[in-house]
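Dear colleague,

I am passing on the structure we spoke about, and the notes that follow it are meant for someone opening it without any background. Please look at the structure before reading on.

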Amino acid sequence: TMGDMGSITSGSGWGGVSASFDEEIPHAYEQADDGSATSTSMNLVGSKNDNGGIQYKAPTIEMAGATVALQLGYTPKATDSHTTGGAVLTSDTFGSGQDAGVTISHESGLTLGVYASERSRVLVSSTATDEFTGTWYAKYAMGPISIGIQEAYENNRNGTGVEGADQEAEFWAIAYTAGDMSFSYGESTLDNKATSDADLAEIELDSIQASYTMGAMTISAARTETDNTGGASGETAEETQLSVSFAF
């Protein structure tokens, strides 16, 4: 930490700048994607920049009833790979990565966030270009109720000459908190492009969640249903989670 100059963080597998922007819609238990049978993936925008990366958090700025927070990140080798002690991280596909995110929180209860990430490709051609991912979200809290929407996009030209695994996602959720109890419901969709002229089926996910805190104990539960699992039309999956945690 550097006081009024902000802070610098470095690590491996810690999320980096993207951790503050991946699926920021309200939830009573956890991100809905975490409980799905197939990842909607777009809550992981920019996550390939976290291993061995450097993050800078600027001091927050107060203006007109709003708090503005800026985060910047740089990763020398953005492959999202771990290495053993003494090993060197190499890649013939991707080089460095950089990302940035801005969060604006207003006293009215409105929060806005914008994030963008880019990974440079080692061998760039007309069909294989740098990878871009980006997302934005908006949340509004009014008393016990909070609502949120988010969109995310990934452009990954992977050398096939077509859209090549491009992804577009939309999220929305509503949450209600009354004393020690919280409830939420959310939906998300992912349009996952195939590496051909045909698209995969759109993945649809909905999640209902609840949590209850009693003293040092918190009980949480989530029920998640997924349609067109993995982009396969007609494939469905259901998952139920239950957790008990204690804080002392």
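Helices (H or I, at least four residues) and strands (E, at least two) are taken here as DSSP runs and are numbered from the N terminus. Ser117, for example, is found in strand S6. The model is a predicted one, in which local features need pLDDT of at least 70 and side-chain atom pairs count only at pLDDT 80 or more, while totals for chains, interfaces and linings use all residues. Residues are numbered from 1 along each chain as its sequence is written, and side-chain values use heavy atoms, with hydrogens and water left out.

To stay with Ser117 for a moment, its relative accessibility of 5% counts as buried, where buried means under 20% relative accessible area, exposed means over 50%, and partly exposed is in between, with a 1.4 Å probe and protein chains only. The side chain of Ser117 makes a polar contact of 2.8 Å with the side chain of Asn49; such a contact is a pair of N or O atoms within 3.5 Å, and within protein one must be able to donate a hydrogen and the other to accept it, with residues adjacent in sequence counting only if both atoms are side-chain atoms. Leaving aside neighbours within four places in sequence, Ser117 is in contact (heavy atoms within 4.5 Å) with residues including Gly46, Gln98 and Phe132.

Which rings pair with one another? A search of the whole structure finds 4 aromatic pairs, a pair being rings of Phe, Tyr and Trp (its six-membered ring) with centres within 6.5 Å, called stacked if the planes are under 30 degrees apart, edge-to-face if over 60 and tilted for the rest. One of these pairs, Phe21 with Tyr115, is stacked, at 5.5 Å centre to centre and 25° between the planes. Because Phe21 lies in the loop between strand S1 (7–11) and strand S2 (53–57) and Tyr115 in strand S6 (residues 110–121), this pair ties together parts that are 94 residues apart in sequence. The rings of Phe21 and Tyr137 have their centres 6.3 Å apart and their planes at 55°, so that pair is tilted. Tyr137 is in strand S7 (residues 131–142), and the pair links parts of the chain 116 residues apart. Ring pairs thus link Phe21, Tyr115 and Tyr137 into a cluster, and these residues are buried, with relative accessibility of 0% for Phe21, 2% for Tyr115 and 4% for Tyr137.

The largest nonpolar core has 12 residues in all, among them Phe21, Ile25, Tyr115, Tyr137 and Phe171; a core of this kind is a set of buried Ala, Val, Leu, Ile, Met, Phe, Trp, Tyr and Cys residues joined through side-chain atoms within 4.5 Å. Strand S9 (residues 167–178) gives the most to this core, with 3 residues. Leaving aside its neighbours within four places in sequence, Ile25 is in contact with residues including Lys139, Phe171 and Ala173.

Two backbone angles also deserve a look. Most residues other than glycine have a negative phi. Phi of Glu23, however, is positive, near 60°, and Glu23 lies in the loop between S1 and S2, where it counts as buried at 3% relative accessibility. Ala64 also has a positive phi, of about 50°, but this residue is exposed, with a relative accessible area of 76%, and lies in the loop between strand S3 (61–63) and strand S4 (66–75).

With kind regards
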